[in-house]
Amino acid sequence: MDDLVELERDLTAAVAAAADLEALERLRVAALGKKGTLTERMKTLGALDPDTRKAVGARLNAAKDALADAIAARRTALAEVALEAKLAAERIDVTLAPHPAQAGRIHPVSQVIDEITEIFADMGFAVAEGPDIEEDFYNFTALNMPPEHPARQMHDTFYLPARADGTQMVLRTHTSPVQIRTMLAGPPPHRVICPGRTFRLDSDQTHTPMFHQVEALVIDRAIHMGHLKGAIEHFARTFFEVPRVTMRFRPSYFPFTEPSAEVDIGCDRSGGTIRIGEGSDWLEIMGCGMVHPNVLRACNLDPDEWQGFAFGMGIDRIAMLKYGAPDLRAFFASDLRWLRHYGFSCLDVPTLAQGLSR
Ligand code: DAH
């Protein structure tokens, strides 16, 4: 029986040292299988006298049970190790950013807003925002368009259902209400641009009911039209990335500016494409003017002390111009093929130092 103690010790040690599940299975077969060492021992019991057989038999059974338990325990431990290794090998870090080439695209409108912001930030402008759903007061009245003013008809306004007091909010028809919000929010001087969504009941190849504008407002002492022209010219040159632009200020009318003008920049339309900064054609890019005294008064500013200029520009149109997208409606169709073609990589951050569009 002494050798049985030794055999049991050897087998238990081998089980504990088994490196993987296959090695463990080989050990099990070698000890407990049909021709295993312990099984073979059982077969020798018949030759023993009854008393010895009983004692040795009990001893052998205990050894088999102990070994089976040891194998089961080792199997569980090895299975755990194998699972850990598999999980580690198949781990995916879902927080890892995808390669930019596979990632989503920045919409040309967002990219152009970032370009405009970069240019005006360099001139000391902050970005101001206002709500898409606006009070009539900010969208019209404070902008020198009291109720019944004919200029209100120029905007095909979306009205919200009337409130209990009969008043109606509107989807803002332009970004100009942010001028008012800016002037009422704090004392001058002000130097802001206000990009955002605007809405008018209008839809064809060059109009969508939702579109984008950027407003600019400068309020300070002794501001004059020279400042306005200088800022717009610098913007046009930098935005279109040309060394020179020709500009034309056509007298116009807006209720919130006096004098008012529309700005055209020189371009060349021959050959099917529009080239900015050359040629003898004109392209309208914005409305502008000196802030009307009534607008300043509506914002509790004394027009004898404070003056300013403002302009409003359509973002989608200049994005189409700069990046050659022909149909405005495609801008808002969410067609992934269009977005992959006209969109920008998230790493194409426009900076003046590195070139706006590179
Ligand atoms: N709000 C005008 C529009 O949507 C654009 C505009 C014109 C804005 C002249 C201005 C401005 O700030 O001075 O048609």
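1. Second pocket, make-up. The lining of the second largest pocket splits into 6 nonpolar, 3 polar and 2 charged residues. Here Ala, Val, Leu, Ile, Met, Phe, Trp, Tyr, Cys and Pro count as nonpolar, Asp, Glu, Lys and Arg as charged, and the others, Gly among them, as polar. The model is predicted: local features need pLDDT of at least 70, side-chain atom pairs count only at pLDDT 80 or more, and totals for chains, interfaces and linings use all residues. Residues are numbered from 1 along each chain as its sequence is written, and side-chain values use heavy atoms, with hydrogens and water left out.

2. A pocket is an open set of points on a 1 Å grid over the protein atoms alone, where a 1.4 Å probe fits, with protein on both sides within 12 Å along at least five of seven lines; lining residues have an atom within 4 Å of a point. Grid points are joined across faces, edges and corners, and the volume is the space filled by probe spheres set on the points. Among the residues lining this pocket are Arg269, Thr273, Leu283, Arg317, Met320 and Pro326. Helix α10 gives the most, with 3 residues. Helices (H or I, at least four residues) and strands (E, at least two) are DSSP runs, numbered from the N terminus.

3. Helix α10. Its buried residues are Ile315, Asp316, Ile318, Ala319, Met320 and Lys322. Buried means under 20% relative accessible area, exposed over 50%, and partly exposed in between (1.4 Å probe, protein chains only). The cover over these buried residues includes α5, β4 (190-199), β5, α8 and β10. Gly324 follows α10 and has a positive phi, near 70°.

4. Largest pocket. This one holds about 900 Å³ of space. Of its 36 lining residues, Arg200, Phe211, Gln213, Glu284 and Gly314 are closest to the centre. Elements giving two or more residues to the lining are β5, β7, β9, β10 and α10. By type, the lining has 15 nonpolar, 13 polar and 8 charged residues.

5. Main core. The largest nonpolar core has 46 residues, and Ile116, Phe120, Phe235, Phe239, Phe311 and Phe331 touch the most other members. Such a core is a set of buried Ala, Val, Leu, Ile, Met, Phe, Trp, Tyr and Cys residues joined through side-chain atoms within 4.5 Å. Elements giving two or more residues include α5 (108-122), β5 (210-220), α8 (225-240) and α11 (336-342). The largest share, 7 residues, comes from α8. Apart from this core lies another, of 24 residues, including Ala142, Met145, Val170 and Ile219.

6. Phe311. Beyond its neighbours within four places in sequence, the contacts of Phe311 include Phe120, Val214, Leu228, Ile232 and Met286. Contact means heavy atoms within 4.5 Å.

7. Thr198. This residue sits in strand β4. Thr198 is buried, with a relative accessible area of 0%. Not counting residues up to four places away in sequence, Thr198 touches Arg172, His174, Phe211 and Gln213, among others.

8. The domain assignment gives domain 1 (2-89) and domain 2 (108-342); the bounds come from an automatic or database assignment. The C-alpha centres of the two domains are 85 Å apart. Val81 belongs to helix α4 (residues 50-89). Val81 is exposed, with a relative accessible area of 56%. Val81 and Thr257 are separated by 176 residues in sequence and by 76 Å in space, C-alpha to C-alpha.
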